[in-house]
Amino acid sequence: MLKKYHSSTLSKLILLVSIFFIGIFSLIIIHLFFLDLMERLDNKTKNQKAKIQIGEYIVNDLYKIRSDFYELATTATNKKGRELIARRLEERINDIKEALHILENGGTLKRVIRLNIAGHNHTTKIINYKKDNNKSFSLEAIDLRPKLEQLLQMTEHLQNLLDIASEYRNNNDHKKFTEFIRNITRYYKSTPAFFIRITENTRRLLYEGENTLATLEYTIQEEKQQYQRLEILLIIVIILLVLILAYIIGTQINKNSKDLIKLNNELQKKMLQLKIQEEATRGILDGQPNMVVVSNGTEMIDANSALIDFFDGYHSFNDFKEEHACICDFFQKMNDDDFLEDKDYDGLRWYEYIIENPNKMHKVAMKNLSGLHFFSITAKRKVLEKENFIIISLNDITNEISVQKELEQLNDNLENIIDYKTKELQELNENLEKKVQKEVEKNRQKDKRMIQQSRFATLGEMIGNIAHQWRQPLSAISSTASSMQLQLQLKLTNEEEIEKSYKTIISYVEFLTHTIEDFRNFFKEDKQKVEYEILEVLKKTLNITDAAYKDRNIQVILNKKQEYFKSFGFPNELSQVFLNILNNAKDAITNNKINYPIVQINIYEEENLNIIEILDNAGGINQEIIDKIFDPYFTTKHQSQGTGIGLYMSKEIIEKHMNGILKVENRTLIEKDNKQQGACFIISLPKI
């Protein structure tokens with residue numbers, strides 16, 4: 001709300017300033033526009049004056065032409081003098097023609113004016129004239145150019161008369177000379193009317209020009225006054241608009257100030273309520289058994305007291321935050337892909353990697369004074385008021401991991417027992433040739449024991465698989481419940497999210513129930529041969545190994561030609577064979593540290609057989625030992641990890657109990673144009 005009032009007041013102030021500057025700018029534009037108009041009117045006046053001046057020069061030239069015309073007959077007594085005056089007349093007529101051309105088309109007229117001043121014999125007068133395209137030239141109406149041509153003809157005729165008279169005089173023919181003088185006199189008496197008419201017409205031109213100039217000057221004066229009044233009116237209007245808007249904005253600002261005071265009082269009350277709510281939220285956070293950290297992705301914003309209780313030497317979260325911006329500062333490097341570190345995960349930060357992989361169980365290791373502790377860690381993104389927050393929850397699973405290690409030790413003990421029994425069997429085998437008949441029955445008992453031992457070995461691996469299968473759902477149930485409780489207490493959730501969390505917990509419980517049922521069925525002993533579906537047996541086995549495979553990021557690719565592959569035999573024993581081969585593939589991939597592990601399973605029919613191929617990309621089996629891997633007690637694993645009876649019993653089950661064939665070969669696995677070597681176990685079973 002404060003932002004709204006601030007924005008409204010600021011926008012009005014900006015509007016006021018904008019109008020003020022727009023007004024000033026408009027006044028400047030209007031003033032410049034008026035100045036341009038005035039200048040154009042003044043130029044029009046100057047042009048009209050230039051036109052009148054050119055007309056005055058034409059009138060003066062006509063007077064000079066008239067004087068020269070009379071001088072031609074009265075003062076010039078020889079031919080050379082007459083020619084000089086005639087050239088002067090022609091020059092003056094050309095000057096008038098030039099002036100007429102400028103009046104018609106526009107241009108610059110230059111006239112030399114003689115001065116009777118010492119050192120200044122003459123000066124040059126320059127007149128610029130622009131033709132007004134909207135008006136026709138009035139001198140055309142008086143037909144001045146034809147009269148100038150007529151004047152040239154009159155001058156030429158007079159020259160001819162004078163030349164003839166001069167010739168008669170030179171010949172002393174006084175009679176004809178006197179007659180021509182009378183003709184010249186009569187001719188001169190007829191010219192004054194011509195000069196008076198042409199001069200009067202030109203004077204009328206000057207009169208019309210002066211009237212036009214007077215009218216133009218009056219019009220210009222009126223337009224100037226009108227423009228000035230309009231400019232003053234616009235200035236008054238702009239000032240009034242600015243004053244009115246200033247009053248309106250000032251009133252609004254005053255109202256906003258009162259509203260802000262009211263809002264400030266309400267804000268103080270809200271802040272008090274928020275403080276009370278924050279204290280309550282702090283109590284809820286501190287009541288959580290798990291560590292809860294709230295971050296914005298860059299630094300920690302808050303955490304509950306469980307974090308301070310775990311890390312010694314800190315009195316409050318602020319003390320902790322001064323030294324550490326992220327809880328990842330305490331993540332220990334475990335050389336185990338199951339544990340997260342503060343590093344880049346394919347372009348993602350560790351918490352982004354958790355958010356992008358919600359179905360995977362994530363773990364971290366951290367130290368305090370009591371030693372190394374292990375935690376399951378979850379991260380969720382929440383958006384509050386358009387800001388992203390990361391809520392991180394850490395659940396201590398040190399005891400669970402300790403139990404897992406004890407289970408592994410139990411498995412090792414079982415393997416030691418099997419080793420001991422194996423040594424006894426080896427001692428018996430040394431004397432086998434001597435006791436063939438006697439030991440036949442014992443061998444049968446030995447097979448039973450080996451089957452039982454195989455089941456014990458499988459039991460150890462199954463216990464590990466149970467731990468893998470149960471760990472992630474149990475952690476997810478704990479994290480979901482803790483997150484739901486925290487969100488309820490922080491009022492960050494709704495009924496839809498609560499219902500979703502309940503459904504998630506129920507689905508995990510159903511998954512646990514289904515898992516334990518699968519393991520229980522796995523150990524049921526088949527009483528007799530039955531018809532079964534190979535794909536169904538395979539999928540149940542894959543469900544058992546699913547968690548262990550996911551923990552190691554092993555991708556399982558199943559290629560099948562059809563949906564049903566039926567056979568006749570013992571399905572639970574076939575499941576044990578699948579489990580042995582899948583576990584061996586997992587161990588080989590783990591030991592060889594394959595970057596992108598893949599197990600490919602191909603099922604197809606070939607004549608009367610169902611063919612199952614289980615192929616990995618762990619590098620294959622050494623050719624020197626590939627023929628021995630089905631021998632009893634032969635193993636490539638460490639003594640603490642294998643007994644060597646898994647593949648032997650698998651071959652026994654397939655070939656003696658199921659009437660099938662089990663063999664192995666090295667093969668190249670091609671996936672997305674990437675070729676990798678691996679071991680391929682091929683199971684052939686008769687089809688129904």
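Modeller: A disulfide is a pair of cysteine sulfur atoms within 2.5 Å. This is a predicted model, in which local features need pLDDT of at least 70 and side-chain atom pairs count only at pLDDT 80 or more, while totals for chains, interfaces and linings use all residues. Residues are numbered from 1 along each chain as its sequence is written, and side-chain values use heavy atoms, with hydrogens and water left out.

Colleague: What makes cysteine 326 and cysteine 328 a disulfide?

Modeller: Their sulfur atoms are 2.5 Å apart, and the cut-off is within 2.5 Å. The search of the whole structure finds 1 disulfide. The link is right-handed, with 140° about the S-S bond.

Colleague: Why is cysteine 680 called buried?

Modeller: Buried means under 20% relative accessible area (exposed is over 50%, partly exposed in between; 1.4 Å probe, protein chains only). Cysteine 680 has 0%, so it counts as buried. Cysteine 326 and cysteine 328 are both buried as well.

Colleague: Why is the pair of phenylalanine 310 and phenylalanine 311 called edge-to-face?

Modeller: Rings of Phe, Tyr and Trp (its six-membered ring) pair if their centres lie within 6.5 Å; planes under 30 degrees apart count as stacked, over 60 as edge-to-face and the rest as tilted. Here the centres are 4.9 Å apart and the planes at 90°, so the pair is edge-to-face. Phenylalanine 310 is buried at 9% relative accessibility, and phenylalanine 311 is buried at 3%.

Colleague: How do you know that lysine 651 sits over the ring of phenylalanine 630?

Modeller: The test asks for NZ of Lys or CZ of Arg within 6 Å of the ring centre and within 35 degrees of the ring normal. The charged end of lysine 651 sits over that ring, 4.7 Å from the centre.
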